[in-house]
Amino acid sequence: MSADDAGPPAGAGTTTHCPYCALQCSTRLSGGPGAVEVRPTPDFPVNRGGLCQKGWTAPALLDTPGRLLTPLVRGADGVLAPATWDAALGLVAGRLRALRESHGADSVAVFGGGGLTNEKAYTLGKFARVALGTSQIDYNGRFCMSSAAVAAQAAFGLDRGLPFPVTDLDDSGVVLLAGANPAETMPPLMRHLEGARLVVVDPRRTRTAERAALHLQPVPGSDLALALGLLHLAVTEGLVDKEYVDTRTTGFETAWASCVAWWPERVEEVTGVPVDDMRRAVRMLAGARRAHVLTGRGAEQHSKGTDTVAAYIDLALALGLPGRAGSGFGTLTGQGNGQGGREMGQKADQLPGYRSLTDPAARAHVASVWGVDPGTLPGPGRSAYELLDSLGTPRGPRALLVFGSNPVVSAPRADRVGDRLAALDLLVVADFVPSETAALADVVLPVAQWAEEEGTLTSLEGRVLRRRAHLRPPPGVRTDLEVLGDLAVRLGRPAAGFPVRPREVFEELRLASAGGRADYSGISYGRLDAGEALHWPCPAGGDGAGGDHPGTPRPFLDRFAHPDGLARFAAVDHRPPAREPDEEFPLYGTTGRVLAQYQSGAQTRRVAELVEAAPEAFVEVHPETARRHGLTDGALAEVASAYGAARVRVRLTRSIRADTVFVPFHYAGAARANLFTGDALDPRSRMPEFKVGAVRVTPVGEGP
């Protein structure tokens, strides 16, 4: 790492951002190795001096016990043992070359993550397509934002989670949260919702629902029917903003034709939500001077997630919210760089700048930046679950490189995914902790973490932010960019094509994104370090008056991103989930997050304070359900589906529907919630159906 990228001397203060969710709360770090302290930055508009429990404890990750500090290589005895960097990377490069020569470029695959910086996500995509020549790359963001992204692209011509600053929510009168629980998943956001009346759609009475003016508690998997019912009421009760629909949208009549059969009483039968509550929700939204509709994973992680988000967009369009100052539609991006991570080319079908891999002009532009022939760029590959499910099969990849992800815990059908990883000829994992996926690897590469690296991330509101290094990485640890650069050279690429300094990578990224939907070409480290608040698109070439482009915090105020400037209604129809309860599996099972843990838990399960707050997995069960199934509070139970089973503690609560149970997905081993999730995928986004399945819950004897 060069001095330019190494960060300040130990003990100096550093302004950076939290390593967890997409709010990217601003923090100030102080202290040296082993004594780093964090304080929130009071003037950053998103967190305004606040942090959640995870943010306050983030420095504990920097010297967590078991931190990976040297490469590990699995020997003939099956044990991971320390190795030199030269030996580890030499082995990886040699095995990759041999596989490509024997089985073709697509015999090697890459799996990325939504927590990688923009520079790392960009380089990972370039490495896969140029150094490896493979089409087989996707990332764990497919499990997070893909349904919302597809729906937003179709409706607005652009996918930016929040097409307005978070601070716009401060003045909103009513906010509908569909399948979102920010009181636990991103608590500082709740400061921006204090003045709004909340309408919360969730089968559980979450901490967010407890603060709502109205809680709609639908049957899991019926979210789409509910959204159609709300639109039906908006139309039949004369609440549609006709002038807005006529001047700023197209396709309303087709959408209404698909919705007309979802009259309120029918929707109540399907969802269990009373008609009066639906009517009240629509009237609240329509009657507010400023209002927002926001979706989260609860609406999106379904085999019909794209259509569900599209239906909520239809509702927002009918009420005239998107692109109106002070109102709007948005989705709450989850992972730290969930927005930027899906713009920079680590998706199976995408090039940097949110360009399509099948667009000849996009291929030509990016190839010119990379100095390669457009014809050498591979086409789209498999989506995340399909990629994992194909590993080690006759037609699937025989090697996988994993950066910033832990699919052994986070992927659906987790047992099957573990089997597929075990079937590989070569599994390489780059991480800073020994995750459950790293434990299966043939080669483990120790990499720097958040406070030891420079880079940029893009928050849920599309604002590009600077991550700054406060410490140097420990001896023996390299950055992901250094790992990729070294491997690229060993695979025959020139070193100049894979720079390892984040600032240099960002300069190339600017060129590659220029003219794309997510245009970063007018953004620079200099402007960000000067404190400018820059939201993409931010093209180079100035503002038309001789100055730099100011960025675009609200891209839809004048027109939407389709060529005609109009938003598109979508004609969608409800359909049941892939598996519904039956005699063998009589309950709905759903999964999600809790306040003190994050994603697969690979990081947060190593922080003592967070483990104390949320030490183990559990299954939330209504007391009446527990009585019928012989379950006791605090006892072990098995949550089983047709796909597998997890063992967790019973937690009795009246906050959940009696036909539904809930298990958080952060935990490892036999407690993995994704042991019982299925493999049904949304046909458009390829999102797995994490949020609904058919399960049974039975008591488990714990022995003497």
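Which residues of β27 point one way, and which the other way? Select strand β27, residues 660-664. T660, F662 and P664 point one way, while V661 and V663 point the other way. Five of the five residues in β27 are buried, where buried means under 20% relative accessible area, exposed over 50% and partly exposed in between, with a 1.4 Å probe and protein chains only. Helices (H or I, at least four residues) and strands (E, at least two) are DSSP runs, numbered from the N terminus.

This is a predicted model, in which local features need pLDDT of at least 70, side-chain atom pairs count only at pLDDT 80 or more, and totals for chains, interfaces and linings use all residues. Residues are numbered from 1 along each chain as its sequence is written, and side-chain values use heavy atoms, with hydrogens and water left out.

V661 in β27 is the bridge partner of G589.

Next, select the open sheet of three antiparallel strands in the order β19-β20-β21. Its edge strands, β19 (455-458) and β21 (534-535), each pair on one side only. Between β19 and β20 (residues 463-467) there are four bridges, and R467 in β20 is the bridge partner of G455.

Finally, go to A261, in the loop between α9 (252-259) and α10 (264-271). A261 counts as partly exposed because its relative accessibility is 31%. From A261 to G221 is 40 residues in sequence and 19 Å in space, C-alpha to C-alpha.

Notes
Two strands pair if DSSP finds at least two bridges between them.
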